Amino acid sequence: MNAILVVNAGSSSVKFALFEPVAVADTPTLIGKGRVAKVGDHVELIVKSADGTLLEKRQVACESASFDYDHAMTLMVAWLAGHDGGRQVAAVGHRVVHGGQTYVNPVLVNAEILRELEAHVPLAPLHQPHNLKAIRLLGEHLPGVPHVACFDTAFHSTQAATAQAFALPRELTEAGVRRYGFHGLSYEYIATQLPRVLGDQAGGRVIALHLGNGASLCAIHQGKSVASTMGFSALDGLMMGTRCGMLDAGVVLYLLQQLRMSPQEVSDLLYNRSGLLGVSGISGDMQVLLQSGDRRAAEAIALFVYRIVCDIGSLAAAMGGVDALVFTAGIGQHAAPIRARICEGCKWLGARIDLSANSSGQESIHAASSAIRLAVIPTDEELMIAVHTQRCAALVGDGGV
């Protein structure tokens with residue numbers, strides 16, 4: 001039986017999902033999801049079916065101190081070959097964070113495209129190298145199978161030039177120093193769900209809140225990205241789990257020139273030691289902070305909410321108003337107190353939350369008196385990648401890395 005394999009490769013784990021391909025115009029069906037990660041001195045494989053049933057849990061000793069990608073791919077491919085009588089992978093879809101200005105649609109990967117995508121590694125240093133490494137390794141493990149790159153930046157390519165520009169010399173803009181936006185696969189999926197959730201207001205002015213360890217907002221009008229809080233890199237915009245978000249460029253100059261920090265030290269500070277973790281000094285995990293009685297945890301949460309409310313105002317201005325707020329991702333979907341505080345801060349927009357619906361995890365959480373719709377929609381980036389992979393692979397036929 002054929003299957004579409006979807007891969008999301010990170011620095012210390014590889015997440016994957018398996019889908020049953022259908023007619024190109026239809027939505028692939030989820031078979032199961034899994035993860036290969038380093039746990040202590042072992043590499044652990046965990047796979048669950050679409051309904052959450054545990055299908056496989058296996059640990060293999062790992063001599064390497066760092067995450068061994070080749071070992072991870074071997075485990076994953078071996079499980080695929082042995083599961084359900086053996087699944088024949090018909091195509092592989094990959095999440096690739098940065099497509100630059102060139103790649104605004106999913107693309108069948110070849111050696112030349114891989115080389116071009118390497119040029120974007122400095123723009124997404126935490127993600128792009130791992131995304132591309134997974135493509136190369138799986139190209140070796142699954143020879144002759146088409147690989148499709150799906151880009152987190154692509155959804156935002158519809159933004160007007162003004163929304164994408166920095167006030168820098170034109171030669172820098174032309175060289176690619178501009179606002180790209182990220183979490184695009186998540187926002188694209190949310191856009192596909194708006195007609196079901198919002199009905200005749202689906203084409204209206206929607207602000208989607210992708211709130212997780214990485215966090216951003218996106219203004220969506222008529223199903224397209226109008227503006228986003230993330231810009232040139234995934235450091236911009238909202239405060240995140242360990243990333244600083246919006247920062248005066250003068251702070252970076254101060255760190256380099258006055259405190260004599262190296263570029264590597266500054267990078268580590270802004271990416272790994274800031275955000276909720278940096279402000280609280282406790283954790284970058286919102287659930288941990290919500291359960292903490294420490295004053296610093298409360299201050300970190302307050303700053304997180306404040307920055308979100310302020311940026312909602314900015315995106316509402318970019319669209320000339322707002323008709324709905326849609327929460328998604330880990331914090332957006334699961335942290336009811338954070339949703340309540342954000343909506344409280346948006347009373348000036350006419351937002352009124354139904355506290356009972358919010359605390360019980362319902363999809364629609366606005367009160368009858370609310371001037372705007374409030375909703376919670378779980379995101380599904382894997383399904384979005386599977387849809388793109390099925391269409392792209394079907395259009396071009398057989399190919400490979």
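**Sheets**

In what order do the eight strands of the open sheet run? I read the order as β5-β4-β3-β2-β1-β6-β8-β7, with mixed pairing. Before going on, I note that this is a predicted model, in which local features need pLDDT of at least 70 and side-chain atom pairs count only at pLDDT 80 or more, while totals for chains, interfaces and linings use all residues. Residues are numbered from 1 along each chain as its sequence is written, and side-chain values use heavy atoms, with hydrogens and water left out.

My labels are DSSP runs numbered from the N terminus: helices are H or I with at least four residues, and strands are E with at least two. I call two strands paired if DSSP finds at least two bridges between them. As a reminder to myself, strands of a sheet pair through backbone hydrogen bonds, either parallel or antiparallel.

The edges of the eight-stranded sheet are β5 (54–61) and β7 (107–108), each pairing on one side only.

I then went along part of that sheet. β2 and β3 are antiparallel, with eight bridges. Across this pair, lysine 15 faces arginine 35 of β3, and alanine 17 faces lysine 33 of β3. β3 also runs antiparallel to β4, again over eight bridges, and there glycine 34 has valine 47 in β4 as its bridge partner. The β3–β4 hairpin has two residues between the strands, and I find glycine 40 there with a positive phi near 65°.

Next, the five-stranded sheet. It is open too, in the order β11-β10-β9-β12-β13, and its pairing is mixed. From one strand to the next, the twist averages 25°. I looked at β9 (residues 205–211) against β10 (residues 215–221): they are antiparallel over seven bridges. Histidine 210 has serine 216 in β10 as its bridge partner.

**A helix pair**

How do α7 and α8 cross? The crossing is right-handed, meaning that the near helix is turned clockwise from the far one by less than a right angle, with anticlockwise counting as left-handed. Their axes come within 10 Å and cross at roughly 135°. For this I used lines fitted to C-alpha atoms, for helices over the stretch in contact, with angles from 0 to 180 degrees between N-to-C directions. α7 and α8 are therefore oblique to each other; under 35 degrees would be roughly parallel, over 145 roughly antiparallel, 65 to 115 roughly perpendicular, and the rest is oblique.

**Pockets**

I worked on a 1 Å grid over the protein atoms alone: a cavity is a set of points where a 1.4 Å probe fits but cannot get out, a pocket is an open set with protein on both sides within 12 Å along at least five of seven lines, and lining residues have an atom within 4 Å of a point. Points are joined across faces, edges and corners, and a volume is the space filled by probe spheres set on them.

The largest pocket has about 1,300 Å³. It has 42 lining residues, and the closest to its centre are Asn8, Lys15, Arg95, Asn213 and Glu381. Elements supplying at least two lining residues each include β1 (2–9), β2 (13–20), β3 (29–39), β4 (42–49) and α15. By class I get 13 nonpolar, 19 polar and 10 charged; Ala, Val, Leu, Ile, Met, Phe, Trp, Tyr, Cys and Pro count as nonpolar, Asp, Glu, Lys and Arg as charged, and the others, Gly among them, as polar.

The second largest pocket holds about 860 Å³. Of its 31 lining residues, Phe232, Ser233, Leu235, Asp236 and Leu247 lie nearest the centre. α8 gives the largest share of this lining, five residues.

**Cavities**

How many cavities of 30 Å³ or more are there? I count two.

The largest has a volume of about 40 Å³, and its lining is Asn8, Arg95, Leu185, Glu381, Glu382 and Ile385. Helix α15 (residues 381–396) gives the most, three residues. Two of the lining residues are nonpolar, one is polar and three are charged.

The second largest cavity has about 30 Å³. Its lining includes Leu123, Pro125, His127, Phe182, Ser233 and Tyr271. Here I get seven nonpolar, two polar and no charged residues.
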